[in-house]
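This report describes the fold of one protein chain and then turns to one residue within it. Please keep the sequence and the structure in view while reading.

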Amino acid sequence: MRALKISAFLIFLLLGIFFLVGFLNPQLNYQVSIKIDRPLNYTFSLFNNNERITEWLPDVKEITPIQETPDKVGSRYKMVIVNEEEEMIIEETLLQYKKNQLVELEFSAGWMHKINRFEFSKTNGGTMIIASHTIEGQNPVACSLFALFKSTFQDIDGETLNKFKKFAEKQPLPEND
């Protein structure tokens with residue numbers, strides 16, 4: 001009986017710690033950056049070309065407009081992602097758009113709310129992309145899980161930028177650049 005009480009106490013203690021982690025860290029914030037050896041306007045154009053996104057993000061199977069606005073800001077899209085044969089639907093909203101400078105996207109999917117902000121700047125011989133990410137869980141379990149896996153999210157977003165870099169640098173430059 002004593003072992004059962006100790007086991008129950010330990011389980012409740014671990015659960016309490018688990019939920020405390022999410023309560024203390026309801027939002028993750030981190031940055032990743034990369035230099036692309038391509039001109040700013042060319043890099044920005046490639047990055048924002050939804051028709052070519054599957055060439056550098058093969059898990060994205062489809063992007064369908066839900067609502068598009070003339071100035072792009074406020075446009076919403078349905079994104080279908082397939083990972084390990086599991087399909088996930090994400091709603092994407094364009095929050096900010098400044099040509100050759102900034103793209104800010106909001107993603108909503110189930111337990112997760114994420115904002116990705118990509119700032120583009122001209123560098124010596126190329127383009128620097130600084131990506132700022134904010135992730136919030138939509139319930140206490142998600143908040144706790146996300147807080148525990150912050151480095152995994154950073155790694156995934158860093159790898160995404162690396163995939164874009166490889167894709168962009170393989171593309172031939174237009175004649176006028």
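## Terms and basis

Helices (H or I, at least four residues) and strands (E, at least two) are DSSP runs, numbered from the N terminus. The structure is a predicted model, in which local features need pLDDT of at least 70 and side-chain atom pairs count only at pLDDT 80 or more, while totals for chains, interfaces and linings use all residues. Residues are numbered from 1 along each chain as its sequence is written, and side-chain values use heavy atoms, with hydrogens and water left out.

## The sheet

Seven strands form an open sheet in the order E1-E7-E6-E5-E4-E3-E2, with antiparallel pairing; two strands pair if DSSP finds at least two bridges between them. At the edges are strand E1 (27-36) and strand E2 (60-67), each of which pairs on one side only. From one strand to the next, the twist averages 20°.

E2 and E3 run antiparallel and are joined by six bridges, with Thr 64 opposite Lys 78 in E3. Strand E3 (residues 76-83) also pairs with strand E4 (residues 86-98) in the antiparallel sense, over eight bridges. Here Tyr 77 stands opposite Glu 92 in E4, and Val 82 has Glu 87 as its bridge partner. E3 and E4 make a hairpin with two residues between them, and Glu 84 in the turn has a positive phi of about 50°.

## Helices across the sheet

Helix H4 (residues 150-170) lies across E1, E6 and E7, and runs at about 25° to E1. Axes are lines fitted to C-alpha atoms, for helices over the stretch in contact, and angles run from 0 to 180 degrees between N-to-C directions; contact means heavy atoms within 4.5 Å.

Helix H2 (residues 40-47) lies across E1, E4, strand E5 (102-109), strand E6 (112-123) and strand E7 (126-137), at about 160° to E6.

## Arg 38

Arg 38 is placed in the loop between E1 and H2.

Which backbone oxygen lies 2.7 Å from a polar atom of the side chain of Arg 38? That oxygen belongs to Glu 169, and the backbone oxygen of Ala 168 lies 3.4 Å from a polar atom of the Arg 38 side chain. Leaving aside neighbours within four places in sequence, Arg 38 is in contact with residues including Thr 43, Gly 125, Thr 127 and Leu 173.

Key
Polar contact = N/O pair within 3.5 Å; in protein donor to acceptor, adjacent residues only side chain to side chain.
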